[in-house]
Amino acid sequence: MSQHELKRDLANRHVQLIAIGGTIGTGLFLGSGKAIQLAGPSVIFAFLIVGIGLFFMMRALGELLLSKEGYQSFTDIAEDYLGPRAAFITGWTYWFCWIMTAMADVIAVGVYVQYWFDIPQWVPALISLLLLLGLNLLTVKLFGELEFWFALIKVVTILALIVIGVVLLVIGYQTDAGAVSTNNLWAHGGLFPNGLTGFLLSFQMVVFAFVGVELVGVAAAETSNPRKNIPSAIIKIPLRILFFYVGALIVLLCINPWTQLNAAESPFVKTFSLIGIPLAAGIINFVVLTSAASACNSGLFSTSRILFTLSKSEQAPQSFKKLTKNHVPGNALWVSAVVVSAGALLSKLVPEQAFGIVTTISAICFIWVWSVILISHIKYRRTRSDLHKKSAFKAPFAPFINYVVLVLFGLILIVLLVADATRPALLLTPLWFVLLYFMYRSKKTLPNKNVH
C-alpha cells in the first residue's frame, strides 16, 4: 500500500451507515420542530420534494463516480468537467460546509450532556471532539465501525417510533392531546395551516436536515469494492432516508397535533413522553447526543478527506496529503478539528443566533455542492457520450431531471432571500465565494507544482 493512498477498509455496511449517520442528525431530531412550527403537516411534502430531488442528484453522482477509476470525490469530477477553479471552490466549500455543520453538532453535544451533569457546556464539547479526533486518527475501519453503531442507534429509535405509532393508530390510543389518528394531519387548520408562505419557509431546515447525503461520494475512495458498494449505497440510502424522515414525521403528527409542537424542543422527546414511555426524555436525550456525535464524526471524516484530495491536486498545502502509518490523513484531521473547536467557542458566544446562521450558511453551501454535481453530470453527458453508453449505472431521466432539480435549488435560494430569518446568512455567504475566487487568483494558498 502506497504511503500516499487512502486505505480501502470500508465495507458496504459502513458506507451505507456513514451516509445515513451523516444525514440523520440535528436536522431531524431538533430542526424538524422548527420546520413543523412553520409549515404544519405540509412539512411532509417539503421533505418529499427535497428528498426526491436529492435522489436524482445522487444517481448523477453515482454514474460520475463509476465512470472513471481514479475518482476519489466529486472535487475530482468537478475538475474534469468544470475546470480547476470550480474544483478549488467546490472542494473548499465542501470543507466549509462540514466545518459549519460540525460546529453546530459539537456545541449540541455540550448542551445535551448538561441534561445529566451541571458542567460548563464547553467541557463535554471539547472532550467529545478530542475523543472523535483520536478515534479517526487510528484507522478508517474503526471510524466505519464507530459510525455504524452511532447510526444504528438513530435508526432503531426512528423505527421504534414508527412501529409504536402504527400500533397506536390501529388501537386508537388516547393521549393527553386526544386520540392518535390520521385526522391530526388535517384537523388543525388543514394540511397547509400557515399557507404557502409557511410551507416555503420550512425548506431551509428541510435542506439542512438532508445535508450529508452525498457523503457516500467522499467515502468512495475507501470502499473495498466501489463498483458493487457505491451503486448499492446510492440506490438504497436516499430511499431509506425518505422512509425515516417522512415515516417518522407522519407518525409524529398523527400522535401530536402539530399545534402541540414547537421549535424549542425535540418533537421526538415530546412524542415519547406523550405516549407514556418511562424515562422517555432521558432516552431520547441519549439518542440526540449520539446523533450529534455521529454527525460531528462524519464531519471530521469528510473535512479531512476533502483537504487530502485538495492537497493531492495541489490546491491546498502539501502537508494535508501526508498519511499516518494507518493510512489516515492525520494533519488534515488535526486542522479540521482545531477549526471546529474555534467555531464552537464562537457559537457559544452567540448561542441564540449561531444555530440559525450556521444551518442556513451550511444549507446554502451544500446547495452549491449538489448543483456542481448536477452540472458536472450534464457536461459529462454532453462531452463523454462514450462513457455514458458504457455505464452500467446510468442516471434516470437525465439530463432533463438535472435541470428540474437545479430550478428547485434556485427557488429555495429565493425563499431564503425573501425570509427575514435567513436573509442575513444568504447575503453573507457570497463573501466566502469571493474570498475563494481571490485565493485562487492570487494562488497564495497553492503550492509550487514542482513540489512533491
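## Charge over a ring

The charged end of Arg-59 sits over the ring of Phe-393, 4.3 Å from its centre. A charge sits over a ring if NZ of Lys or CZ of Arg is within 6 Å of the ring centre and within 35 degrees of the ring normal.

## Basis of the model

This is a predicted model, in which local features need pLDDT of at least 70 and side-chain atom pairs count only at pLDDT 80 or more, while totals for chains, interfaces and linings use all residues. Residues are numbered from 1 along each chain as its sequence is written, and side-chain values use heavy atoms, with hydrogens and water left out.

## Aromatic pairs

A pair of aromatic rings is described by the distance of the centres and the angle of the planes. Rings of Phe, Tyr and Trp (its six-membered ring) pair if their centres lie within 6.5 Å; planes under 30 degrees apart count as stacked, over 60 as edge-to-face and the rest as tilted. By this rule the count is 19 aromatic pairs. One of them is the stacked pair of Phe-45 and Phe-192, with 5.8 Å centre to centre and 0° between the planes. Phe-45 lies in helix α3 (residues 43-65) and Phe-192 in the loop between β2 (178-179) and α8 (195-201), so this pair ties together parts that are 147 residues apart in sequence. Helices (H or I, at least four residues) and strands (E, at least two) are DSSP runs, numbered from the N terminus. Phe-45 is partly exposed at 33% relative accessibility, and Phe-192 is partly exposed at 37%. Buried means under 20% relative accessible area, exposed over 50%, and partly exposed in between (1.4 Å probe, protein chains only).

The pair of Tyr-94 and Phe-366 is edge-to-face, because the ring centres are 5.8 Å apart and the planes are at 85°. Tyr-94 lies in helix α5 (residues 84-113) and Phe-366 in helix α15 (residues 351-383), so the pair ties together parts that are 272 residues apart in sequence. Both Tyr-94 and Phe-366 are buried. Tyr-94, Trp-98, Phe-366, Trp-370 and Phe-409 form one aromatic cluster.

Thr-90 is in helix α5 and is buried, at 0% relative accessibility. The C-alpha atoms of Thr-90 and Val-369 are separated by 6.2 Å, although these residues are 279 residues apart along the chain. Leaving aside neighbours within four places in sequence, Thr-90 is in contact (heavy atoms within 4.5 Å) with Phe-74, Thr-75, Trp-368, Val-369 and Val-372.

Thr-290 is found in helix α13 (residues 280-312) and counts as buried at 7% relative accessibility. The side chain of Thr-290 reaches the backbone oxygen of Val-287 at 2.8 Å. Not counting residues up to four places away in sequence, Thr-290 touches Phe-150 and Ile-153. Thr-259, in the loop between α11 (226-255) and α12 (267-274), is partly exposed at 47%.

## Salt bridges

The structure holds three salt bridges, each a side-chain nitrogen of Lys or Arg within 4 Å of a carboxyl oxygen of Asp or Glu. In the bridge between Lys-68 and Asp-80, the closest N and O atoms are 3.1 Å apart. Lys-68 lies in the loop between α3 and α4 (74-82) and Asp-80 in helix α4, so the pair ties together parts that are 12 residues apart in sequence.

Arg-384 bridges to Asp-386 at 3.2 Å between the closest N and O atoms. For Asp-420 and Arg-423 the corresponding distance is 2.9 Å. Asp-420 is exposed at 59% relative accessible area, whereas Arg-423 is partly exposed at 29%.

Conventions:
Polar contact = N/O pair within 3.5 Å; in protein donor to acceptor, adjacent residues only side chain to side chain.
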